[in-house]
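Please keep the sequence and the model at hand while reading.

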Amino acid sequence: MGYLLQWSRRCSSSSSVVLPLFLVFFLAIFLGKSVSVVSALEYFKDKQASSSTLESIQKYLAEINKPAVMSIETPDGIIDCVDKWKQPAFDHPLLKNHTFQLVSPEVQRPMRTKVEEVKGDFNIPMEALSQGWHKNGTRCPKGTVPIIRVTVEDVLRAGSIHNFQRKPQNTALAALNFNVSISADDDFNINDLPHEYAVVQSKPGTPIHGVSAGINVWNPHVGNEGEMSISQIWVASGQYQFGDLNTIEVGWQVYPRLYRDSKTHLFVYWTADAYRSTGCYNLRCPGFVQVHEEIIVGSILNLVSTKSGQQYESLIQVYKDRNTGDWWLAIGSEGTKVGFWPASLFTTLKDSAEEVQWGGEITDRKLDGAHTATEMGSNRFAQEGYAKASYFRQLNVMDSNNVYNLPTDTTIRIDNANCYNLDLRYTLDFLGVHFFYGGPGNNENCP
């Protein structure tokens with residue numbers, strides 16, 4: 001995923017805190033939002049925000065934080081219960097004055113082995129649908145959807161509204177274009193901040209209407225708050241080089257700079273122009289339409305796997321509604337509909353996808369010239385297998401008849417096998433077409 005601005009530390013005397021402190025209280029009162037004084041002061045010590053920056057943040061917050069029917073304090077921050085027809089998605093100019101069907105028609109379930117058919121000494125994975133905000137038992141009223149409130153601190157921590165919303169253009173997703181060379185972006189030298197991938201790609205040459213897989217959920221260590229570890233599904237069409245790359249991305253990630261913690265979060269992402277000016281994470285810009293009242297994109301996943309212990313996974317489906325053309329996200333064995341990306345958001349992805357990918361990605365700041373210790377997956381290499389290495393299982397690709405099939409024309413990409421690797425397999429048990437992947441990052445063979 002993208003990189004966020006790193007702030008240079010500055011020393012300051014106690015007297016220099018007076019102006020930032022005034023600004024913090026001013027923002028807290030003027031914006032009417034909860035602001036962490038300590039965290040905001042830390043930001044101001046690092047980098048003074050101009051009045052124009054503060055005005056831009058004020059305007060952005062007024063647009064993205066919709067009036068709440070009720071609000072809930074959670075580990076994710078404040079969650080606002082917003083009228084489903086007044087959520088940020090409908091501010092998008094392409095979505096105004098449109099009629100949407102907020103209930104997806106039934107679609108064929110992915111091919112999956114039933115638990116009772118599994119034989120052998122396996123620790124059967126359990127679903128990881130429990131989220132951090134579920135702990136206090138409060139839910140949003142019917143007719144509303146839960147949305148995590150954006151704060152001043154969130155935006156300041158990212159360095160800019162653009163960085164807060166989306167990936168930097170030139171460092172984003174090389175995995176979808178295996179032969180793309182990536183140049184430096186405005187903020188970093190790519191030689192200092194590369195992305196590394198361990199992924200499987202399917203590009204069958206026929207229209208793709210969906211993809212699914214069971215994604216093993218872990219909580220990998222991230223070596224630096226500006227780095228991240230991610231496991232996700234990509235659905236894509238177009239070319240990065242030509243600026244018409246459209247993607248839908250879903251999975252879990254650990255990204256301290258983005259979420260202000262080191263926990264595992266469910267996330268979604270989209271772009272319609274190769275990460276240049278469209279799309280964003282979760283609900284941080286108009287686009288993705290949330291429909292479920294309990295599952296929130298961007299929220300903490302409570303249940304994560306342990307080595308040689310209980311395994312947790314999330315069955316992820318992204319599929320196209322044949323009637324409306326919208327792309328839907330469903331999670332879990334029951335196909336719980338979380339939300340959708342309206343077809344009108346896209347260009348090359350409007351009618352169908354050209355390729356899909358499954359796998360892991362990390363970013364590496366290469367501090368002190370060493371490879372990062374940021375882990376991918378469980379931090380174990382693929383050869384260690386089930387309950388040790390992380391996995392994607394029962395990979396399926398949906399054709400233009402909305403029927404799931406096994407993936408064809410697959411290609412594997414492993415950027416640095418000494419740091420992270422991948423092993424693609426097909427078995428007749430509950431794993432089906434699957435792969436183990438991951439690694440510890442920095443080690444004696446990955447200095």
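## The pair Cys419 and Cys446

Cys419 and Cys446 are both buried. In this predicted model, the two are joined by a disulfide with an S to S distance of 1.9 Å, and the link is right-handed, with 90° about the S-S bond. This pair connects distant parts of the chain, since Cys419 sits in the loop between β17 (410–414) and β18 (421–426), while Cys446 belongs to the segment after β19 (433–438), 27 residues apart.

## The pair Cys81 and Cys140

A disulfide also joins Cys81 to Cys140, with 2.0 Å from S to S, and this link is left-handed, at -80° about the S-S bond. Because Cys81 lies in strand β2 (residues 77–83) and Cys140 in the loop between β3 (126–127) and β4 (144–148), the bond ties together parts of the chain that are 59 residues apart in sequence. Cys81 and Cys140 are each buried.

## The pair Cys280 and Cys285

Cys280 is bonded to Cys285 in a disulfide whose S to S distance is 2.2 Å, and with -90° about the S-S bond this link is left-handed. Cys280 has a relative accessible area of 0% and is therefore buried, and Cys285, at 7% relative accessibility, counts as buried too.

## The chain as a whole

The count of disulfides comes to three. When the bonded cysteines are counted along the chain, the disulfides follow the pattern 1-2, 3-4, 5-6.

Notes. Residues numbered from 1 in each chain as written. Predicted model: local features only at pLDDT ≥ 70, side-chain atom pairs only at ≥ 80, totals over all residues. Heavy atoms only, no water. Disulfide = S-S within 2.5 Å. Helix = DSSP H or I, 4+ residues; strand = E, 2+ residues; numbered from the N terminus. Buried < 20%, exposed > 50% of the residue type's maximum accessible area, 1.4 Å probe, protein only.
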